[in-house]
Amino acid sequence: MSDAALTPFLPEDYNEDIDFTDCRSVGPFRDLRFEVCTFTRCHFEWARFENVSFIDCRWVDSELSMAELNQTAFNGVIFERCRLRGIDWTRINAGLLSMEFHECVLDFGNFEGLKLKKTPFLKCSIEEATFDGADLREVVFSGSKLTRATFARSDLRKADFRDTEALALKLAECRCDGLKLRLSDARGTLQAHGIKVSA
């Protein structure tokens, strides 16, 4: 889609049950609230959000790469086929955090220390992302590519990595009770710790 076909993004302070389609803006956006809204084919790369709340919203085929999300809340938010590269998720409002990611690009993202329990990352690209110190209990990474993603000191109890690509976990200082891995990935993980595995 050409830039000429994109419409300006001009929300109200409070927005409920609105479909935003083919919008483009870099903001800045401050002190806004969106409830039960849908964002389709919207372009907010490099946009700045400050104290913005997204409640029970859906983002579809949209671009948010390199956006700044200062004290921004995502509660009950679903991202589908979105590009979310290079986002520092640690700057969001972690007290209101509930998200799902489906077929998204999350490369180079920073999730360090976040409480992401039960968050689904389904068929996503999450290359070179940082999850160090994060609460990843019962998180599902099904179908996701995790090249050079790091998980140091993370809580991985009951996390499911069984259907992932390019996984190379280093489990030093991680909590791993109930961690689910494919046999091939388990072998690579043990070898990363200097443990020799024979067939």
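**Close-up 1. Asp-155, a buried acidic residue in a loop of this predicted model**. Asp-155 has a relative accessible area of 10%, and because buried means under 20%, the residue counts as buried. Asp-155 lies in the loop between β14 (121–122) and α1 (183–192). When residues up to four places away in sequence are left aside, Asp-155 touches Ala-134, Asp-135, Leu-136, Arg-137 and Arg-175. Asp-155 also forms a salt bridge with Arg-157, in which the closest N and O atoms are 2.7 Å apart, and this partner, Arg-157, is partly exposed with a relative accessible area of 22%.

**Close-up 2. The salt bridge between Arg-48 and Glu-50**. The side chains of Arg-48 and Glu-50 meet here, with a distance of 3.4 Å from N to O. Arg-48 is partly exposed, at a relative accessible area of 36%, and Glu-50 is likewise partly exposed, at 26%.

**Close-up 3. The salt bridge between Glu-63 and Arg-83**. The closest N and O atoms of Glu-63 and Arg-83 are 3.2 Å apart. This pair links distant parts of the chain, since Glu-63 sits in the loop between β10 (58–60) and β11 (68–70), whereas Arg-83 sits in the loop between β12 (73–80) and β13 (97–102), 20 residues apart. Glu-63 is buried, with a relative accessible area of 13%, while Arg-83 is partly exposed, with a relative accessible area of 39%. A search of the whole structure finds 17 salt bridges, the pair of Glu-63 and Arg-83 being one of them.

**Close-up 4. The stacked rings of Phe-20 and Phe-39**. The structure holds 30 aromatic pairs, and in the one shown here the ring centres of Phe-20 and Phe-39 lie 5.2 Å apart with their planes at 15°, so the pair is stacked. The two residues join distant parts of the chain, with Phe-20 in strand β3 (residues 19–21) and Phe-39 in strand β7 (residues 38–40), 19 residues apart. Phe-20 is buried, with a relative accessible area of 10%, and Phe-39 is buried, with a relative accessible area of 0%.

**Close-up 5. The edge-to-face rings of Phe-44 and Trp-59**. The rings of Phe-44 and Trp-59 have their centres 5.8 Å apart and their planes at 80°, so the pair is edge-to-face. This pair, too, links distant parts of the chain, as Phe-44 lies in the loop between β7 and β8 (48–50) and Trp-59 in strand β10, 15 residues apart. Both Phe-44 and Trp-59 are buried.

Definitions and conventions:
Residues are numbered from 1 along each chain as its sequence is written. This is a predicted model: local features need pLDDT of at least 70, side-chain atom pairs count only at pLDDT 80 or more; totals for chains, interfaces and linings use all residues. Side-chain values use heavy atoms; hydrogens and water are left out. A salt bridge is a side-chain nitrogen of Lys or Arg within 4 Å of a carboxyl oxygen of Asp or Glu. Buried means under 20% relative accessible area, exposed over 50%, partly exposed in between (1.4 Å probe, protein chains only). Helices (H or I, at least four residues) and strands (E, at least two) are DSSP runs, numbered from the N terminus. Contact means heavy atoms within 4.5 Å. Rings of Phe, Tyr and Trp (its six-membered ring) pair if their centres lie within 6.5 Å; planes under 30 degrees apart count as stacked, over 60 as edge-to-face and the rest as tilted.
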